Amino acid sequence: MLWDALTLQLGYNATLVAIGATLLGVSAGVTGTFLFLRKRALVSDAISHATLPGVCLAFMVLVALGGDGRNLLGLLAGSAVSAWIGLLCMNWLTRHTRLAEDAAIGAVLSVFFGFGIVLLTVIQTMGVGRQAGLEGFLLGSTAGMLWADAMIIAVGGAATLLLVMIIRRPMILVAFDPEYAAARGLPVYRIDLAMMGLVMAVTVVGLKIVGLILIVALLIIPAVTARFWSERSDHVVLLAGLAGGLAGYIGAAISASAPNLPTGPIIVLVSFAFFVVSLFLAPIRGVLAAVLRHLRFQRRVHIRQGLLALAQGQKIYEPLTLRLLRRAGLVRADGVATDIGKARAAKALRDEKRWEIVRADQAHEATAALYDGLRDIETVLTRDQIAEIDRRIGGPMGVPV
Amino acid sequence: MSGEEFVPLSLTPLLIGTFAAIACALPGNFLVLRKQALIGDAISHVVLPGIVVAFLITGAISTWPMMLGAAGAAVVAVVLIEAIRRLGQIEPGAAMGVVFTTMFAAGVLLLEQTDTSTVHLDVEHALYGNLESLIWLDATGWSSLLDTEALSGLPPELPRIALTLVGVSLFIWLFWRPLKISTFDEGFARTIGIRTGVLGLALVITAAIAAVAAFDAVGSIIVIAMFICPPAAARMLTNRLEAQIAWSVVFAIASAVSGYVLAGYGPLWLGGADAVSAAGMIATMSGLILAAAAMFGPCRGRIGARISA
């Protein structure tokens, strides 16, 4: 059943939803990345909540004009207008008052949402039928997606993506270093507004699929996920688009495969699953990689200290050190050094002496700063330099480096 | 308006709304100053899965398991946010966004999986609350306030939110000095021996308790609005914390009362027949107060910044 859904075999409607959700995931992932890199992830929360009064007002206007209140294009236009007003309020509060950005976000989201709920209750008492679809904007409802709805989502998503591609360079610059961007003469405020405008567009487009609360997840989670896998901003943007698109596709498929699996929440949970996998398994920034790095470091410290102890004829009591040395074939089970062990121990001790010279010598100041008790000396000095140091230490010459 | 009508129908919701507003605004003052204003937003989204899980475990709609579930979910969320922030080295806003949206999605999914039609438990209730329905049917007029039999019929939300308000006020009164010092100068607070980490956690937990208690009575939208709007408006009026807190209480009461009255009677004045959402109207009023304060408040600019721009 799930396989059928994944291969788009579940019929016309499910296919429409899957394609729509994928497109939405890609555009939300890509757009959200800029917001995340600008450290403004939660602005999306304010924007999405601020759409509600617009949706309601648009519905009322459409009904008053004698039309069908559920015209998606009309509702989306209304939501865009009120989200834009919310965004301007938020910007005004942060720029012209002492409120911090988080307070401005919270104020806008709660007040706009509260006003939207007032309007919702007005609509409920207006006595016009067919307002049922409006609740779908809160939590998303894809069951009844029509060809026209899918087209709006597809066109909207594609247009957003195109705009992102056009202005991605200045947006990345502003996201990473707004002061440098300003110094280079970029209009930081306007670029910020453009970025918010794109986020607003994605939010408005996504309302129908995932609802106004969960669209925030699609803007934030893929970006955070992608950040684990790359240090390059354009790669992060692409990866976020990929993560968002996959989450949308797989989520829509899972939700189509069984009853009572609402599309929006499933897409968010799939997206979160990607995030968890990345958090643990990403190659450099992931938790597993960090643990491995730590273990490797610990191992090197223990072996190094063990070798120094061997060279000085001290007995090793630390069980982990003994185990590591034995596994590396440097000591026998009874704790006596093997031939290789003796050679490595002698070299370790000599290296320690060499380092001592290096660190005492003003001429090697830069090199001495690299000393951490683990670094092999031949990785920082040339053969000639080492030979020079050995001459000063005296003793047997020609010890293999 | 006569007592026979006012006391049973409007007195209790008005009191509950006001108490909830103050209980949220008080810790909100510190959260706004500490740039943690969105904690209320996060908490109000994550209590949904907590309530659903509590319902699934106990199989009944009863208040205490649900409040425990909600509080448990809030704690889980705070721990998760902190864990993700540290493990993944992610900035706090994004970590918060990841956690609360995911937990909210899980809550909605759980809700859909259980049979919601037979159980009166739905998302809209959680979002808007049902302040209007918290009426005191046993009351007949002002005299009922002295009638023990009628008093026992008070909606249980009223004593609960009153108790929460007392608890929140006590916390702030007892820890006033350390709270104030650590909010403005965390480094100094630490040097004089205040355990800022524990204190910060205690503040968040207090806020969570206030949020959950208010959430139960009035829905999440008031909670978020009251955590932020009255303290933010008060911040535009004064530079002193004591005065700010006093103003925030005034604004919380003003929003609750005016919002409730407007929601109940405003449509009648305009010729409509039915009331609108009281919770939504209270949030709207708090926003209007904030807008007025941001426009005309004497201390609205940052220190050193031009006030009009």
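Trainee: Hi! How many salt bridges does the structure hold over all chains?

Mentor: The structure holds 15 salt bridges over all chains, a salt bridge being a side-chain nitrogen of Lys or Arg within 4 Å of a carboxyl oxygen of Asp or Glu. This is a predicted model, where local features need pLDDT of at least 70 and side-chain atom pairs count only at pLDDT 80 or more, while totals for chains, interfaces and linings use all residues. Residues are numbered from 1 along each chain as its sequence is written, chains are lettered from A and ligands numbered from 1 in the order in which they are written, and side-chain values use heavy atoms, with hydrogens and water left out.

Trainee: What is the mean pLDDT of chain A?

Mentor: The mean for chain A is 85, and 94% of its residues reach 70 or more. pLDDT is the predictor's confidence in each residue, from 0 to 100.

Trainee: Is B:Glu82 buried, exposed or partly exposed?

Mentor: B:Glu82 has 30% relative accessibility, so it counts as partly exposed. Buried means under 20% relative accessible area, exposed over 50%, and partly exposed in between (1.4 Å probe, protein chains only). B:Arg85 is partly exposed too, with 29%.

Trainee: And what about A:Asp351 and A:Arg354, buried or exposed?

Mentor: Both A:Asp351 and A:Arg354 are buried. Their side chains meet in a salt bridge of 2.7 Å, N to O.

Trainee: Why are A:Asp351 and A:Arg354 separated by about one helical turn?

Mentor: Because they are three residues apart in helix α16 (residues 339–360) of chain A.

Trainee: New topic: how many residues does the largest nonpolar core have?

Mentor: The largest nonpolar core has 194 residues, and A:Val224 and A:Phe275 have the most contacts inside it. Helix α11 (residues 188–227) of chain A gives the largest share, 25 residues. Such a core is a set of buried Ala, Val, Leu, Ile, Met, Phe, Trp, Tyr and Cys residues joined through side-chain atoms within 4.5 Å.

Trainee: What is A:Val224 in contact with, leaving aside its neighbours within four places in sequence?

Mentor: A:Val224 is in contact with A:Phe36, A:Phe275, B:Ile90, B:Ala94 and B:Val98, where contact means heavy atoms within 4.5 Å. There is also a second, separate core of 13 residues, including A:Ile316 and A:Leu325.

Trainee: Which residues form the nonpolar patch on the surface?

Mentor: Among them are A:Trp229, A:Val277, A:Phe280 and B:Leu87, and the patch has about 800 Å² of accessible area together. Patches are made of residues with over 30% relative accessible area and no salt bridge, with like charges joined within 9 Å and nonpolar side chains (Val, Leu, Ile, Met, Phe, Trp, Tyr) within 5 Å. Accessible areas come from the Shrake-Rupley method with a 1.4 Å probe, and for residues only the protein chains shown count as cover.

Trainee: Which element gives the largest share of the nonpolar patch?

Mentor: That is α14(A), with four residues.

Notes
Helix = DSSP H or I, 4+ residues; strand = E, 2+ residues; numbered from the N terminus.
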